[in-house]
Amino acid sequence: MALRFEDDFLKKLEYLHVVSKRAFAGQNRADRLTPKRGRGIEFADHRQYTPGDDFRHIDWKAYKRLNRLLLRLFDEERDLPIYLMIDASRSMAEPAKFDMARRIAAALCYIGLAHLDRLTILPFGKSLRHETSPGRGKGRIFRVFELLENMETAGPTDLRQSFKEFASRPRQNGLTVIISDFLDPGGFDAGLKILRTIGHDVFVVHVASERDRDPGTFGEVQFVDTETGDVREFEVTPRLAAAYVAAWEAHAAELETFCGRYDIGYVRADAERPFDEIILKAFRQGRFLA
Amino acid sequence: MTFGAMRAMEAWLLLGGAAALATWLFLRKLRPPRMLVASLLLWRRVLDEPRAITFWERIRRAVSLVLTVIIALAIALAATRPSLKSSTPSASRGRVLIVVDSSWSMLTRTGSHESRWERAVAQARRLAAAEAGNAMALATTADGLVEGPTTDLRLIESALDRIVPVGGDVTAWPQLAGADTVHFITDGAMARRLPGGVVVHSVFEAASNVGVTAFDVRPSLSALNAGDAYLEIVNYAPVAQDVRVRLARGEASILERSVSIGAGEALRQVLPLVRGAASDLHAHIEAPDNALGVDDDAFAWIEHGAPVTITVVGRQTGWLRPLLANDPDVRAAFLDPAGYDLAVGTGPGDHASEEDLIIFDRWAPPEPSARPAIYFAPPADTPWLAARAAGTNPSRAWDGSEEKRPRWETAGTHPVVHGVDPFTLKIEKAHPYGAAGLTPIAQSAQGTPLVYVSDTSSRRFVVLTFGAGESNLASAPGFPVLMGNAIDWLVRPDARAARTTGLASFNPATVQVIAPGGRQVPIARVSGAALAMLRAPGLYVAEGAGARSTFAVNVGSPQVSNAARTSLSPSDQARPVMAGASGTSWWLYCVAAAFVLALVEWWTWQRRITV
């Protein structure tokens, strides 16, 4: 699958940047405001001079007016740690669905790299797989493309185990984006709660395909679970098909409600929708991009 | 119910087998298609939910099974060629002859939008199906035996597909030796004398019709005209009708009018036909209430529409000029024998021009003419006339020498001498000829031939053994009659006012008969006569002996056109054939039902209404 984007689309992406509901202080200087005071450009406040402070930051005009030594403070601008967690389990193996997931990841990576954010790509399935940090700057995007193109689906989905492993390692808090179909027999709530409790700003991208939403067939069918290999044989009647569609809608609504309750951002990305529309419209409406 | 394609036991076995096979196929568990899904998580939720099963969901499998079995039964039933027993008589034993009346009146349309013919053929199918297993034969009144006797029903069915009405002789009746049962399906329009024991099935249903009952060309009293066209149209409807009449001569319309003809009334129209135009006439009528179409057209041929071209060859032919000059039907040219020799060319007897007739006066070419010819007293030393074939004329009293003052006392029966008064002729001497192929048609009291004819398929000619120099031929009252007869016999061998369709007899010299459209009609030669079946109305051409004559064949007659009348009487005990559904056999309905049901099942299966 080619993940290359057209130039005009990349230009549009450059005007966007990832929005985090909370401010996180990164390790390197960048263009995101942090709660820290430091050597930024934007004036923030004054404080009393204490010995050892840098003379260059003493506000001499204030000293002349107030006869007090005050030190000028500036907002610290740092990068944002962004963790892109991509579901690479077998349930995502449907080409349309997995392609959409990877293209979304690629686009977010490009936006992040363009704004000097620190990106970490973490594929997961039954557990967390090898994580990759491509570095900083737009020039690294080709490495991201290569990484995503070579990514393959395998194994079942275990959101709880994967997120637990993610939380178990010491990381700087930041924005965690989960791109998945959330078809986990163990449920999605436990895993998302873990991420939320460790202090990350979490954003969910729910990828779904037409085949997920509607069985699209009638009659006697042998259904095979791609993850577990389980086989169920039954007759799909119009009523049963309608019940399935309703069950899927309930599942999506349940996920969205859960995200709303726990202040987790939610965007649904149907594989059949135009990719540009999802990035430029759905993500902005979901207040994930600005 | 009876089955046309097989015995009843075989048919029931087939039906049972088809139903069993359909049930087995329906119940046979086929491996369903595999479908990979991302997760069975949601399917498990759906399937684990308790759901109420509707009444339709309970029975839909059974409904599908019933539909499948019905489709299989319908197809199997179609293969058995079923028919209802109630509409046919019970099967008989022995040989069966089914005769279908092939009169043109059988094409009359009935109130149920089918023709009597279609109804008759359908009844014949039912009879054949009912008699399955017996030796059967199929015949029509025009063609005689068409198929059989055979026990193969398919042969009879195939023959029923082939037969068509062609009119024919009302006296003709097909015979089948040893026939135990004879069924005759007719409308009774043509009165027939039927043999005893014939089971009559009547397809008669009174209908309104307007038809041309007579159309021909009759001699005109005026010498300026080639004849008078006589047209007779009769309205056999119970109410008056506006009839549109069109009469065309060649491509030109010579009459076009609308006329109201009262119920049962006839319109008779006489129209003078001037000389010099096309010779073919076509009459066509249109009327609002007209059940029979075949009698709406009629044809006629003007025999004297174009003059006969005659070449007279001789040295002293002046005595023939007044006779030929005064006849408007003749265009004569006169030639010296030397001129004829030049015109003949290299081939013997192949005259370069295309005249209708050549008259040789006291002179004969070295080879007989290929064109029709009259020879007046040809020289006795003419090689092809003088040569006497061995063993010919053994019974003649004539001794081979000329007879002085022969007396012609008895007029012959041959068309050439028919009506000739022999007593007005004074003959000084007659010289007989001994060539083979000459048939004397008039002889003297002592047996000396006076008039010969030769009639072969290649050439036809008349030889008079006396000429104008040896008789009062030029002034005898019988001479114009003799000439007129000879010209008609030679140039118009098959000219008749009109013929009807069916088996027709032609002059033995006829070599081919060409039907309208150029199709050649097969000729059968029986006892010296040429017979041909004329199957459609129109203008036909008969060719033979170097002559070519056109004649009209028509259908219309009061018997054919009067669709409101039947000759069947209560004493005939005719069994009426019911109207409706006659054109289609039951097996077609079975196939249609199977198709519709299959369509329904497919449509409902697509929508998961059935399984």
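These questions and answers concern a predicted model and the terms used to describe it.

Reader: Why is Ile121(A) called buried?

Author: Ile121(A) has 24 other C-beta atoms within 10 Å. The cut-off for buried is 20 or more. Ile121(A) is therefore buried. The residue sits in strand β4 (residues 118–124) of chain A.

Reader: Which residues does Ile121(A) touch, not counting those up to four places away in sequence?

Author: Leu84(A), Ile86(A), Ala105(A), Glu131(A), Thr132(A) and Leu147(A). Take Thr132(A): 11 residues separate it from Ile121(A) in sequence, and the two C-alpha atoms are 5.2 Å apart.

Reader: What makes Asn67(A) count as exposed?

Author: Asn67(A) has 7 C-beta neighbours inside 10 Å. Exposed requires 12 or fewer, so Asn67(A) counts as exposed. It lies in the loop between α2 (60–66) and β2 (70–78) of chain A. Its phi is positive, about 60°, although Asn67(A) is not a glycine.

Reader: Which residues of α4(B) and α5(B) meet?

Author: Val121(B), Ala124(B), Arg125(B) and Ala128(B) come from α4(B). Leu153(B), Ile156(B), Glu157(B) and Leu160(B) come from α5(B). By class, this contact has six nonpolar residues, two charged and no polar.

Reader: Which members of the largest nonpolar core touch the most other members?

Author: Leu97(B), Ile98(B) and Ile233(B), in a core of 80 residues. Helix α4 (residues 116–130) of chain B contributes the most, nine residues. A separate core has 71 residues, including Leu84(A), Phe98(A), Leu108(A) and Leu148(A).

Reader: What is Ile98(B) in contact with, leaving aside neighbours within four places in sequence?

Author: Ala124(B), Leu127(B), Ala128(B), Met136(B), Leu138(B) and His183(B).

Reader: How many helices and strands does chain B have?

Author: Chain B has 11 helices and 33 strands. Of its 611 residues, 42% are buried.

Technical notes:
Residues are numbered from 1 along each chain as its sequence is written. Chains are lettered from A and ligands numbered from 1 in the order in which they are written. This is a predicted model: local features need pLDDT of at least 70, side-chain atom pairs count only at pLDDT 80 or more; totals for chains, interfaces and linings use all residues. A nonpolar core is a set of buried Ala, Val, Leu, Ile, Met, Phe, Trp, Tyr and Cys residues joined through C-beta atoms within 7 Å. Helices (H or I, at least four residues) and strands (E, at least two) are DSSP runs, numbered from the N terminus. Two residues are in contact if their C-beta atoms, placed from the backbone, lie within 7 Å. Ala, Val, Leu, Ile, Met, Phe, Trp, Tyr, Cys and Pro count as nonpolar, Asp, Glu, Lys and Arg as charged, and the others, Gly among them, as polar.
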